[in-house]
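Hi,

Here is the structure I said I would pass on. Have a look first, and my notes follow below.

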Amino acid sequence: MDFLNYPQPLADLISSLARLPGIGPKTAGRLAFYLLQQPQISQDLAQAILTANHSLKKCSICSNFTDQDPCALCQNPQRDSTELCVVEHPRDVVSLEKTKEFKGRYHVLHGVLSPMEGIGPEQLTINLLLKRLKGVQEVVMALNPTVEGEATALYLARLLKPLGIKVTRIAHGLPVGGDLEYADEVTIARALEGRRQL
Amino acid sequence: MAVYHADALVIRSREYGESDRVLTLFSREMGKIQAVAKGVRKPKSRQRAGAQLFTYGDFLIHKGKSLDTVSQCSPKESFSYLWSDLDRSLAASAMAELLDISTISGQPNAELFTLTLTCLFLLEQYETSLLLSAYALRLMVILGYRPHLGDCVECGERLQGERLFFSSEAGGTLCGRCRESYSGRMVRAGSIAFMRQLIQADLSKLDRLRWAAWMREEVLETLRHYLEHKFERPLKSWRLGNTISDGLERHIRSLNGKEGKEFE
Ligand SMILES: [Zn+2]
Ligand SMILES: [Zn+2]
């Protein structure tokens with residue numbers, strides 16, 4: 001896309017917007033012109049982004065985003081501190097909390113191992129995880145069902161098992177409402193592996 | 001809009017936007033291709049499996065103005081053993097990374113395609129580092145970077161002795177006179193001979209080769225250095241695979257020691 005004919009501040013705005021996930025150059029252009037015509041909305045949005053960025057930080061224990069450190073979940077005495085659930089992103093904590101099934105505590109990795117993309121163990125919050133294992137009996141891996149998510153779970157299991165900690169993984173299987181016929185072989189194999197007695 | 005088929009292997013799969021992935025495919029007919037697979041991170045997507053790293057299948061692709069789009073994928077093989085084996089998964093990732101950095105888009109190389117696919121099938125059974133080393137050496141041979149192993153790259157002199165001088169810069173072993181102007185390392189003659197065998201042996205009989213731990217370590221290091229020198233980049237998956245399988249304790253200590261250290 002050619003922004004050469006735009007004044008510099010406008011070109012900068014468009015290229016910043018185009019860096020957001022799911023927004024291509026065309027949409028970025030539309031959004032930029034809209035924002036320029038709506039000064040109040042622009043003002044509020046800019047303020048909200050700055051405030052959120054400024055007041056949210058990563059919890060020093062679990063690495064989830066929080067406005068207080070440690071975060072509310074880490075401070076809650078009701079949560080079982082012998083169980084730790086490892087997730088990829090902060091949004092996964094939200095998904096798991098919605099189910100009200102898990103009573104333990106969380107640890108957010110902020111990604112999975114993907115050496116080709118430059119993400120090694122040092123880029124994830126693995127050092128923080130290793131520092132909070134006192135009293136932990138079980139670590140539940142709730143990572144996305146991808147080759148990299150699985151490799152990360154195996155890698156963590158290799159680090160944790162020698163410490164006598166039980167390492168489990170959430171079952172990977174068929175999506176609710178999905179058709180067995182359309183499932184791929186890996187999904188079906190995983191689903192079989194995670195079968196349980198009725 | 002133009003549509004084409006690709007008999008291809010997914011060698012990179014990156015999250016993109018809300019629910020898409022950008023795939024790097026290595027295809028038999030067209031070499032390396034980049035294409036977006038839309039919506040494949042949604043649980044109900046039917047193309048989900050096809051957008052996974054290391055899936056081999058038939059891809060139906062729409063040609064786009066800037067990026068092509070995968071409109072259908074029929075997986076033929078997903079190498080599911082990789083999902084439950086960390087060392088093999090990292091070796092496969094090292095193979096994919098090497099293939100990615102050593103090739104440019106749109107240049108078909110059927111021989112390299114066949115080699116990669118064959119090695120992914122063999123990786124399930126064979127010793128991980130044996131197969132990875134054989135793959136790397138054969139890839140170099142196909143791309144015209146065959147290392148000289150056993151005689152002097154410069155003057156052709158037959159080399160003898162327990163240890164030979166190997167120079168990544170020169171592309172092989174060097175005699176006492178010719179090594180003056182090159183940097184390199186001393187490698188045991190046994191390792192050099194073993195690398196020759198890794199190139200020449202029948203791939204399907206590779207598992208008959210035996211090597212001692214010191215030889216494995218030496219071959220892996222010499223090769224990694226050679227590859228990184230040729231492609232001027234660190235082989236990240238290769239390095240990670242090595243530190244995890246050989247020095248887990250040292251690895252854990254380094255994790256505890258450094259925080260947010262640049263991964264290279
Ligand atoms: Zn916390
Ligand atoms: Zn010479």
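The second largest pocket holds about 760 Å³ of space. A pocket here is an open set of points on a 1 Å grid over the protein atoms alone, with protein on both sides within 12 Å along at least five of seven lines, while a cavity is a set of points where a 1.4 Å probe fits but cannot get out; lining residues have an atom within 4 Å of a point. Grid points are joined across faces, edges and corners, and the volume is the space filled by probe spheres set on the points.

In that pocket 22 residues form the lining, and the closest to its centre are Gly24(A), Pro25(A), Tyr16(B), Ser66(B) and Leu67(B). Two elements give two or more residues to the lining: helix 2 (25–37) of chain A and strand 5 (68–77) of chain B. Helix 2 of chain A gives the most, with 3 residues. Helices (H or I, at least four residues) and strands (E, at least two) are DSSP runs, numbered from the N terminus. The pocket lining divides into 9 nonpolar, 6 polar and 7 charged residues. For these classes, Ala, Val, Leu, Ile, Met, Phe, Trp, Tyr, Cys and Pro count as nonpolar, Asp, Glu, Lys and Arg as charged, and the others, Gly among them, as polar.

Before I go on, some housekeeping: this is a predicted model, where local features need pLDDT of at least 70 and side-chain atom pairs count only at pLDDT 80 or more, though totals for chains, interfaces and linings use all residues. Residues are numbered from 1 along each chain as its sequence is written, chains are lettered from A and ligands numbered from 1 in the order in which they are written, and side-chain values use heavy atoms, with hydrogens and water left out.

Now the cavities. Helix 7 of chain A, strand 1 (3–16) of chain B and helix 1 of chain B each supply at least two lining residues. By class, this lining has 8 nonpolar, 4 polar and 3 charged residues.

Two of those elements also pack on each other. Helix 7 (residues 147–160) of chain A and helix 1 (residues 86–102) of chain B have axes 9 Å apart, at an angle of about 135°. Axes are lines fitted to C-alpha atoms, for helices over the stretch in contact, and angles run from 0 to 180 degrees between N-to-C directions. These two helices are therefore oblique to each other; angles under 35 degrees count as roughly parallel, over 145 as roughly antiparallel, 65 to 115 as roughly perpendicular and the rest as oblique. On the chain A side, Val147(A), Ala151(A), Leu154(A), Tyr155(A) and Arg158(A) meet Leu86(B), Asp87(B) and Ser89(B), contact meaning heavy atoms within 4.5 Å.

The axes of helix 4 and helix 5 (residues 213–231) of chain B come within 10 Å and cross at roughly 70°.

Most residues other than glycine have a negative phi, and most peptide bonds are trans. Asp69(A) and Pro70(A) are joined by a cis peptide bond, with omega about -5°. Ser63(A) has a positive phi, near 70°, and lies in the loop between strand 1 (57–58) and strand 2 of chain A.

Cheers
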